[in-house]
Each structure stands twice: as structure tokens, then as C-alpha cells.
Amino acid sequence: MSKQGDGRQINTFSLWQQTSLITSTLIGVGVLTLPRTTTSRLFEAGWMAPLVSSIWVFLSVWMIASLSRQFPGKTFIEYSPIIWGSAKRPQLGRWLSLPWVLGYLLYMYVSTAIVSRIFGEVVVTSVLLDTPLEVIIITMFLLAQMLCMHEVEVVARVNELLFPLILFPVLFIALASFQKAEWNNMFPLYRASGKGLFEGMYETVYSFSGYEIMLIYFAYAHDNTSKVRAGFFGIGIAMFVYTLIVLAGIVVFGFEELQRVSWPTLELVKTTQVPGLILERLESAFLAVWVAAVFTTVANAYYAFVYGLRQLFNKGIVFQRIVSAIMFIPLFFIALWPQNIVNLFRVSSYLGLVSLSMNLGVPILYWIVLLARGMGHRAKERKADG
């Protein structure tokens, strides 16, 4: 059992729930643009980008999980002062860790807004043509805010429920799209430069962002040793889905055609036919599934932000509910800040760079500090904290 900030004990997350949290958060808006962004740098070899990019993702999630294993039952917000401070000077630890904690919370907050905006753009340009963009964004925020009204175990249960409903339809659509595959579109297998490979990896960064929520949720793992496995399972499933979708886009359209569409995965779905014509408009079914995928991405990130604030101020569930209702108001204006879709893609690209710094840079920095202070530091701090 783990304790909340208000002292109430909560149920812990199983391996399946942790995996569901990671995968459901990763599979979101990025999947719609991934075939275009990867092939813009790697051409026919764009399908290699998710595979190569996953190397640093696996390294990052291993470090995050290992940090959490050093401080079982504690979130990033709680163990940051321990790493940066000491039993004799706890206040110093709080001040030194504050920039990293606030940076993490700010990143989660802004990424929630940008993901919601991309979701709104897709919906109003492909399905609900007469619906104002603001209505779509507010609706998604309200759903996320409703999840914030509950304790953290509800987040795990919601993701556990929606995970199969997201994963299996996406896999089915990706596999069904190979009916119109032209395999010669894959050749030549590789003609990009080393710089192109690096740039292709960078373009994939934003699609892999999201697993940083586990800096919060790993604290509630049922088995302290299951965190690394959950991270690897979650990233592995997302990597497989991404590679399959990019490969399908290349063999169906070719990399030149992918550069001409804003949402290539959605176009891929439109060209896919279900045997027997059970569904004539498969994109409608896909978007229904995709709404659930985006909801888990937005809600998980927003909950991590609000819950992090709750722990930062050491408050209870009432504080969490009030903050979640108040903070989505400025979040709405942040989501509307990009003036057009070009600016939106530019902001998401910058956010991917911040994600790389947050997901890889912060764990490395924390491990350096932790090791520099000696492994005995953890035991002393636990004793003082207990």
C-alpha cells in the first residue's frame, strides 16, 4: 500500500495497469503525423525511425523506473528533495529541487494543451466541420477534469479498461491497410545520411513523449521490481504500433505522397477496406477509437500535473479538485495560442525537444547527484524520513 498526501492509503498498480498507463499515454495525436514526419528525413526508410528512437526511450524509462525503485512509494515530487537535500538540511533540498519539479509540472501542463489543440484540429477538419474548435478543446478538458475529481487508482482503472479498446482496433487497421501495399515503395531500403537518421529520430521524439507521467505513477506500483518490466512492455508495444503504421503509410502511398497530407494516418484509414464491407467508412470507427486514445493521453498528463501540485503543497483531494477546475481555464488559452496549423506543428516540434531534455536529461542528472552523494545516502534519508 502507498499513502496519499493527505495520509489516506490507496490501492497499488499491477504490472498490467502500469503497462496500460504507459502505452495508452504514448498512443495519441502523434500517431496521425508520424508517417509524414519520419519520411521527411529518412524517405523510404522512415519505418526505421521508431525502432532506432526507441533505444534512447528504453534507456530513459529504465532510469526513471530505477529512480523510483530507489524510493518506493514516493513520486518524483517527493524524492526530489531527498536527492538534493539531506536529513540535516531538508529545506535546502526543497529549494534545490524546486526548479526541476516546477519544470516538470510546467511541461506536463503545456503538453496537455498542445495535445488537446492537435486533437481539436483533426476533429474540426475531418469530422465535425461546423463545430467550433473551442468547443472540442473545452470538451476534452472537462473530461480530463472529471478524472481529476478522483483518487489516483481511478486513473489506473480507466486506462486498464480503455487500453484493449485502443490497441486492438489500431493494430487491426494498420494490418488491414496492407491490402493495397506496393512493396516497391520501400526501395531503396536506405539512402539517407547519418544526419538524416539523427533528424528522423528527432522527428519521432514527440510521438514517444508521454511516458514521463511515470515519474508520478511508478510510486504506486504493486511490485517494486515490476517497474522496469512495465516500462519496457509499454514502450515496446508503442514502438511496434508506430513502426507498423509508418511502414503501412510508406508501402501504400510512397514517401513523396506522405509529404503532401497533414494527417497521413487518417488518409491511410480512408483507403482501407474491411473484408465484406462491414464498415464502409472505416475512418469514423478509427476516430471513435482515437478519441479514447487522445483522452488517455490528455487526462493522464493533466492528472499528473494536478496531482504533482497536490503533493508539492502537501494537500488533499479537495485541493486537487479545486486546482483541476481552475487550471484548465489558462490551459484553454495556451491551447489556442498557436495561430494556425503550421505554428502548431512548430510548437509541437519544440515541445519534443523539451521532452527529450526532460525524459533523458533529468534522470541522468538525478542519477549523477544520487551516485555522487553515495549509495548510503538513500538509506540515511529513508531512516530520517521514516
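Author: A polar contact here is a pair of N or O atoms within 3.5 Å, and within protein one of them must be able to donate a hydrogen and the other to accept it. The model is a predicted one. In it, the side chain of Gln-320 reaches the backbone oxygen of His-150 at 3.1 Å. Gln-320 sits in helix α14, which covers residues 317-335. Because its relative accessibility is 0%, and buried means under 20%, Gln-320 counts as buried. Leaving aside residues up to four places away in sequence, Gln-320 touches Cys-148, His-150, Tyr-303, Val-306, Tyr-307 and Arg-310.

Now the cavities. Searching the whole structure gives three cavities of 30 Å³ or more. The largest cavity holds about 160 Å³ of space. It is lined by 19 residues, of which Thr-25, Val-115, Ser-209, Gly-210 and Thr-297 are the closest to its centre. Helices α1 (15-26), α5 (90-126), α8 (194-208) and α13 (282-312) each supply at least two residues of this lining, and α5 has the largest share, with five residues. By class, the lining of the largest cavity has nine nonpolar, nine polar and one charged residues.

The second largest cavity has a volume of about 60 Å³. Its lining consists of Ile-27, Val-31, Ile-166, Val-170, Phe-286, Val-289, Trp-290 and Ala-293. Two or more of these residues come from each of α7 (152-176) and α13, with α13 giving the most, four residues. The lining of the second largest cavity divides into eight nonpolar, no polar and no charged residues.

Methods:
Residues numbered from 1 in each chain as written. Predicted model: local features only at pLDDT ≥ 70, side-chain atom pairs only at ≥ 80, totals over all residues. Heavy atoms only, no water. Buried < 20%, exposed > 50% of the residue type's maximum accessible area, 1.4 Å probe, protein only. Contact = heavy atoms within 4.5 Å. 1 Å grid on protein atoms, 1.4 Å probe; cavity = no way out; pocket = protein on both sides within 12 Å on 5 of 7 lines; lining within 4 Å. Points joined across faces, edges and corners; volume = space filled by probe spheres on them. Nonpolar A, V, L, I, M, F, W, Y, C, P; charged D, E, K, R; others polar.
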